[in-house]
Amino acid sequence: MTIGEQTYGWQESNEVIHITQEAYDSILSQARKDAPVESCGYALGVKGEDGKLKITYNYPLTNIDHSEEHFSLDPKEQFAAIKYARAHGLVVVGGWHSHPASPSRPSEEDKRLAFDPNAFYLILSLAPEVSGQPYVPEGEPVLNAFRIKEKEVTRFPVIV
Ligand SMILES: [Zn+2]
């Protein structure tokens with residue numbers, strides 16, 4: 001059992017999601033600019049023939065709550081993002097939001113609002129943490145993707 005499982009009670013997936021350096025940098029700089037308010041967007045990308053997902057583009061969305069602890073999306077922006085993805089042959093890999101001061105794991109509210117068990121919910125933590133998560137050097141921001149079924153959480157590492 002990993003420290004992540006012990007500490008956070010999530011399941012570990014064997015699958016990983018890849019992200020381009022450019023898309024990762026875009027998400028990170030947007031989140032840093034918006035901090036301490038939570039930042040959000042859609043991670044767009046491609047699905048390879050092997051079924052593997054790769055995030056290639058960050059579509060920024062406005063946190064209409066302008067809150068440090070919550071986020072809400074503007075349906076018009078969401079629609080525009082999906083339209084953009086279709087026009088560019090991209091898929092919506094998942095929605096992402098930042099946790100400016102807490103770890104990369106779904107909050108109770110995140111779990112409550114996760115209606116789609118097949119969607120990926122990506123969370124970028126700007127709070128350096130020691131979480132026992134592989135692939136992430138200590139003190140660095142952490143980006144994880146989660147699938148949330150009822151209260152059961154599965155983590156998919158996101159790798160640049
Ligand atoms: Zn959250």
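**The interior and its surroundings**

Modeller: Leaving out residues up to four places away in sequence, Ile-55 touches Ile-17, His-18, Ile-19, Thr-20, Ala-23, Ala-43, Leu-44, Gly-45, Val-93 and Leu-122, where contact means heavy atoms within 4.5 Å. The model is predicted, so local features need pLDDT of at least 70 and side-chain atom pairs count only at pLDDT 80 or more, while totals for chains, interfaces and linings use all residues. Residues are numbered from 1 along each chain as its sequence is written, and side-chain values use heavy atoms, with hydrogens and water left out.

Ile-55 is one of the residues that touch the most other members of the largest nonpolar core, together with Ile-17, Ile-19, Phe-120, Leu-122 and Leu-124; this core has 20 residues. A nonpolar core is here a set of buried Ala, Val, Leu, Ile, Met, Phe, Trp, Tyr and Cys residues joined through side-chain atoms within 4.5 Å; buried means under 20% relative accessible area, exposed over 50%, and partly exposed in between, for a 1.4 Å probe and protein chains only. Two or more residues each come from strands E2 (17-19), E4 (53-61), E5 (91-99), E6 (120-125), E7 (142-149) and E8 (152-159), and from helix H2 (21-34). H2 gives the largest share, 5 residues. Apart from this core lies another, of 8 residues, among them Tyr-42, Leu-61, Ala-85 and Leu-90. Helices (H or I, at least four residues) and strands (E, at least two) are DSSP runs, numbered from the N terminus. The protein has 4 helices and 8 strands, and buried residues make up 42% of its 160 residues.

The loop between H2 and strand E3 (40-47) holds Ser-39, which is buried at 1% relative accessible area. Its side chain makes a polar contact with that of Gln-30 at 3.0 Å. Such a contact is a pair of N or O atoms within 3.5 Å; within protein, one must be able to donate a hydrogen and the other to accept it, and residues adjacent in sequence count only if both atoms are side-chain atoms. Not counting residues up to four places away in sequence, Ser-39 also touches Ala-31, Asp-34, Trp-96, His-97 and Ser-98.

The zinc ion has as protein donors NE2 of His-97, NE2 of His-99 and two OD atoms of Asp-110, at 2.0 to 2.7 Å. Donors are N, O and S atoms within 2.8 Å of the metal (3.2 Å for Na, K and Ca); water is not among the atoms, so sites may look incomplete. The arrangement is irregular because the 4 donor atoms subtend angles of 53 to 157°; tetrahedral would require all four-donor angles between 85 and 135 degrees, whereas four count as square planar and six as octahedral if opposite donors are over 155 degrees apart and all others between 65 and 115, anything else being irregular. His-99 is buried at 4% relative accessible area, and Asp-110 counts as buried at 12%.

Arg-147, in strand E7, is partly exposed at 27% relative accessible area.
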